[in-house]
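Please examine the nonpolar core of the model shown below and the strand that contributes to it. The report follows the structure.

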Amino acid sequence: GSCTVERVYPEDGQNDVARNTSIIITFKEPLSLNSVCRNAAGEDCACDKSSCNLINPEHIRIFRKDFGDNCGSSSCPGDNTNVSKAYVSVSGDRQTLIITPADFLGKSDGNTDYQVRFTGDVLKDNGDSIFKTCNSDWFQWGFSVSNNLDLTPPQVVMGGIFPLPDNEKDIYN
């Protein structure tokens, strides 16, 4: 819940994350989709599920911690991330991004530390930086990827849902 960020996955400092994980970030306000997606030609565009579904590597940087972020500012040209090909899915309210790297993260023979950095060039609907009211004009977190792949599909066990489903209004504080 830092500033305009509601939550992230993997969590900051999380260990043993599967190599085939997606990176998820939920904001408290809707995003301008032109600031997070690009098409195959490298042009900014509003994210969709077909021709405009790649991360904007100048605004969203995913990198191995030991390599570091090879761009010190959001204005560096070209591909400035170690994970240069990742697909973006956006929730209907334009507040949650699901980023799926095209290739597995990490390596098959050990753990690898990653950092994810969202720059101040990620914008809200009104054109302001999503981090305009925060202490810094960027957001970064890290996690450690194991050498394992998660190939087990999720399963729901009868009676294993908590809280139990109901038709009552939920209370959120």
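The largest nonpolar core holds 33 residues, and those with the most contacts inside it are Ile-25, Val-36, Ile-99, Phe-118, Trp-141 and Phe-143. A nonpolar core is a set of buried Ala, Val, Leu, Ile, Met, Phe, Trp, Tyr and Cys residues joined through side-chain atoms within 4.5 Å; buried means under 20% relative accessible area, exposed over 50% and partly exposed in between (1.4 Å probe, protein chains only).

Strand 9 supplies the largest share of the core, 4 residues. The model is predicted: local features need pLDDT of at least 70, side-chain atom pairs count only at pLDDT 80 or more, and totals for chains, interfaces and linings use all residues. Residues are numbered from 1 along each chain as its sequence is written, and side-chain values use heavy atoms, with hydrogens and water left out.

Strand 9 is largely enclosed by the rest of the structure, because 6 of its 7 residues are buried. Strand 9 pairs with strand 8 in the antiparallel sense over 7 bridges (pairing requires at least two DSSP bridges between two strands), and Gly-142 of strand 9 is the bridge partner of Gln-115.

Val-145 lies in strand 9 and counts as buried because its relative accessibility is 0%. Leaving out residues up to four places away in sequence, Val-145 touches, among others, Val-17, Leu-105 and Tyr-114, where contact means heavy atoms within 4.5 Å.

Conventions
Helix = DSSP H or I, 4+ residues; strand = E, 2+ residues; numbered from the N terminus.
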